[in-house]
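Dear colleague,

Please find below the structure that I am handing over to you. My notes on what was found in it follow directly after.

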Amino acid sequence: MVSIFPSYLAPLREALLGRAISRGLLELTVHDLRAWTHDVHQAVDDSPYGGGPGMVMRPQVWGDALDDVLAGPPARLVVPTPAGRPFTQALAREFSAEERLVFACGRYEGIDQRVLDDAARRVTVDEVSIGDYVLVGGEVAVLAIVEAVVRLLPGVLGNPRSAAEDSFSDGLLEGPAYTRPEVWRGLAVPDVLRSGNHALIDRWRRDRSLERTHRRRPDLLEALPADALDRADRAL
Ligand code: SAM
């Protein structure tokens, strides 16, 4: 990944991701964009053609950085931007199958478009948004994207069923979860979860998942393929 604030990406070495790196399940290199600057001030931005507020990141600096970083094993270039296509679990799964991903973190009003157009002559370029809001820079978006991708890599999660049963894996939101004690502040864990009847538990979880998706994200239900719901689902 390339950024003008490499230390912003330090949390990637914490917790689950940090363990995955130390176990050799992935490699992660953070480059300081300013290493490719050409002047004493190490400037990475300039005023926009056509006028307007803010600054745009210079193509020469980004071009040289990406020439170096994209050299070597085949890579896909991911550029976070609010104007990108929405980042989803499906895209996280797609990225998790790639040999190498290179992330270009924009700042200010973003990166000169020709940097992406030029890179697209050599590699696949994905402009990706993590939501309909505007952050200050691409680093936080990269943290979110990398975390979602790395937990899908084989061996990263202790129990691979966790990823398979998470929200979005079957196109639905996951239902509520409970742990001990059985009653807390007068609120009881649903009886069925303590019944030991796994068929009933699976049915209960599926129903809660459908209900929650219907209430909070009806768009997900509408997007399901026709054969994704069984008869019991439809009866709900
Ligand atoms: N002028 C840009 C626009 O309106 O599309 C916004 C630039 S934003 C202030 C600076 C940088 O933050 C972007 O280049 C991108 O790297 C990052 N960023 C901001 N919001 C984002 C989002 N929702 N998803 C992904 N990256 C985002």
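R185 is placed in the loop between β8 and β9 (187-188); helices (H or I, at least four residues) and strands (E, at least two) are DSSP runs, numbered from the N terminus. The phi of R185 is near 50°, a positive value in a residue other than glycine. R185 counts as exposed because it has 5 C-beta neighbours inside 10 Å. A residue is buried if 20 or more other C-beta atoms lie within 10 Å of its own, exposed if 12 or fewer, and partly exposed in between, with C-beta atoms placed from the backbone.

Please note that this is a predicted model: local features need pLDDT of at least 70, side-chain atom pairs count only at pLDDT 80 or more, and totals for chains, interfaces and linings use all residues. Residues are numbered from 1 along each chain as its sequence is written.

Q42 also has a positive phi, of about 55°, although it is not a glycine. Q42 sits in the loop between β2 (31-32) and β3 (45-46), and it counts as partly exposed because it has 14 C-beta neighbours inside 10 Å. A further backbone feature is the cis peptide bond that joins R180 and P181, with omega about 5°. P181 belongs to the loop between α6 (161-165) and β8 (183-184). For context, most residues other than glycine have a negative phi, and most peptide bonds are trans.

Next, the ligand. Of the 19 residues around the ligand, P80, G106, L135, G138 and A141 come nearest; a residue is near a molecule if its C-beta atom, placed from the backbone, lies within 6 Å of it. The elements that give two or more residues to this shell are β5 (76-86) and α5 (138-150), and the largest share, four residues, comes from β5.

Strand β5 runs parallel to β6 (residues 101-103), joined by three bridges; two strands pair if DSSP finds at least two bridges between them. Six bridges join β5 to the parallel strand β7 (residues 125-129). In these pairs, V78 stands opposite F103 in β6, and P86 stands opposite S129 in β7.

Finally, T88 is located in the loop between β5 and α3. T88 is exposed, because 12 other C-beta atoms lie within 10 Å. T88 and I130 are 42 residues apart in sequence and 8.2 Å apart in space, C-alpha to C-alpha.

With kind regards
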